[in-house]
Amino acid sequence: MEPLFVRFIPPMRALIVGALVAVLVGVCASGASRAQTRQIEETYRDFKLVGVVHPPDATFDIPHVTAEDAFILIKQAIDALYASSPFSKAEIAKLKKAGRVVIGYDPAFPKREMTKITAAVFLPDFYKEGGIGKDFVAVVSRYGAKWPARELAAVIAHELVGHGIQHLRGRLENVRNVDLECEAYLYEEKAFQDLGTAKHTAEMIQFRKALENHWCRDFRAWTRKHEPKKMALWDRLDPDVPEILKVYLRYIDALRKSGVAGKAVKAAKVAQERASQEKISGLAASNEPNDHFHLGMIHLRGLGPPENPKLAATWFEKAAIKGHPAAQDALATLYYRGLGVKKNYAQAARWYRPAAERGITNSQVVLGALLVKGRGVKKDLDEALAWFQKAADAGHEKAKKAVPAVQKMIAKRDGKNTG
């Protein structure tokens, strides 16, 4: 039995996790009330925090915490990891130099689980908005948001340190999933050590068994055969993780040279491509706007098939016409950027407006910017201020900065003394 900790979703499998699409664009799963979800954002210690706020009547299999409370817990977990684990902190610093580190929270993720608990998941390259660099994205579930901060800190180490470093080094597509998990569990083990976690509890014993007998079983067998003296690194209550990771890199290189890893990864990709196509076919046959929205995101981000912004725009429009706010926001953004469609600020404003009215903060901010500049719409500073204020009240950082700037513009327009 696997321990009740975290699960990693490789890039090819990302499209299957429909709810996670919404964490990073502001709206979650289908349903009339869920379509009214909104997104809040905050920056903390150079981490970008993104939270999905569901309407009061939204229900899940367990009582969930609010996005605001989840942010408090996530901050406590980050503080605990930074205070106790210099090793993890130094590795995260490498990620921050390479790109943006994002921690999201959505109580709708995962839909439901019966035999295990997913506290968080690593979803690489999903939050990208063009430009250079990589993104390192972890999404905390409704379960993880109720864990003690120090336990969640170890999960963050697993996701952002373990899988994040793999993403940084370009190993996610070229290493077997079992070996990726072995490395991530080692990073989590190091965090547990640094955090002073008691090792004799039932959960920690289960964790150690899974680490050694399941995820790192092949690695340990290779070490026993090729570098037997290094097995002593494991023979203690707190394994010497930094030294074990050095051996692990030699193990991964040996698998690459032997072709074992390549064959396994190729077979997994073929199986996943088949499953991905079945998923895409099912979404395309659906009449649900939320399914069409997810299909648009799949084509936009290349989550399975190659990136195809033009096809993404087609599916976003189908969902947008039916009133799906996230699809309206996504379609507006394509028009705003000229991605997959001809750049058209008037069309962008047309679709940003209904999404903004439904509480999508990104739409509120961009619509406000269009109104300030008079792009695609008649210039209107008062309306722009109103939209920026709504987004600011929801926690949007850029909107908070825009509010005083637009207030000064209005004061200047009206001939008032701004001091």
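1. Start at the end of a helix. Gly302 follows helix α10 and has a positive phi, near 70°. Helices here are DSSP runs of H or I with at least four residues, strands are runs of E with at least two, and both are numbered from the N terminus. The model is a predicted one: local features need pLDDT of at least 70, side-chain atom pairs count only at pLDDT 80 or more, and totals for chains, interfaces and linings use all residues. Residues are numbered from 1 along each chain as its sequence is written, and side-chain values use heavy atoms, with hydrogens and water left out.

2. Helix α10 itself. It covers residues 289-301, 13 residues in total. From first C-alpha to last it reaches 18 Å, close to the 18 Å expected at 1.5 Å a residue. The expected span is 1.5 Å times one less than the number of residues. Eleven of the 13 residues are buried, so α10 is largely enclosed by the rest of the structure. Buried means under 20% relative accessible area, exposed means over 50%, and partly exposed lies in between (1.4 Å probe, protein chains only). Among the buried residues of α10 are Asn290, His292, His294, His299 and Arg301. Phe293 is buried too.

3. Overall make-up. The protein chain has 16 helices and five strands. Of its 419 residues, 54% count as buried. Take the contacts with a separation of 6 or more: residues 24 or more positions apart account for 66% of them. Contact means heavy atoms within 4.5 Å.

4. Cores. A nonpolar core is a set of buried Ala, Val, Leu, Ile, Met, Phe, Trp, Tyr and Cys residues joined through side-chain atoms within 4.5 Å. The largest one has 68 residues. Phe47, Ile103, Leu160, Leu186 and Phe219 have the most contacts inside it. A second, separate core has 39 residues, including Phe293, Leu370, Ala384 and Trp387. In the largest core, Leu186 is worth a look. Beyond its neighbours within four places in sequence, Leu186 is in contact with Leu211, Cys216, Phe219, Trp234, Val241, Ile244 and Leu245.

5. Helix α6. It runs over residues 202-215. At 1.5 Å a residue its 14 residues should span 20 Å; the end C-alpha atoms are 18 Å apart, which agrees. Its buried residues are Met204, Phe207, Arg208, Ala210, Leu211, Glu212 and Trp215. These pack against α5 (177-195) and α7 (217-226).

6. The α5/α6 packing. The two helices pack at an angle of about 145°, with their axes 10 Å apart. Axes are lines fitted to C-alpha atoms, for helices over the stretch in contact, and angles run from 0 to 180 degrees between N-to-C directions. On the α5 side the contact is made by Val178, Glu181, Cys182, Tyr185, Leu186, Glu188, Glu189 and Phe192. On the α6 side it is made by Met204, Phe207, Leu211, His214 and Trp215.

7. The disulfide. A search of the whole structure finds one. The criterion is a pair of cysteine sulfur atoms within 2.5 Å. Cys182 is joined to Cys216, S to S 2.0 Å. Cys182 lies in α5 and Cys216 in the loop between α6 and α7, so the pair ties together parts that are 34 residues apart in sequence. The torsion about the S-S bond is about 105°, so the disulfide is right-handed. Both Cys182 and Cys216 are buried.

8. Glu183. This residue lies in helix α5. Glu183 is buried, with a relative accessible area of 1%. Leaving aside neighbours within four places in sequence, Glu183 is in contact with Gln166, Arg169, Arg171, Leu245 and Tyr248. The C-alpha atoms of Glu183 and Leu245 are separated by 7.4 Å, and the two are 62 residues apart along the chain.

9. Backbone check. Most residues other than glycine have a negative phi. Arg45 is not a glycine, yet its phi is positive, about 50°. Asp46 also has a positive phi, near 70°. Arg45 sits in the loop between β1 (38-44) and β2 (47-53), and Asp46 is in the loop between β1 and β2. Arg45 is partly exposed, at 41% relative accessible area. Asp46 is exposed, at 62%.
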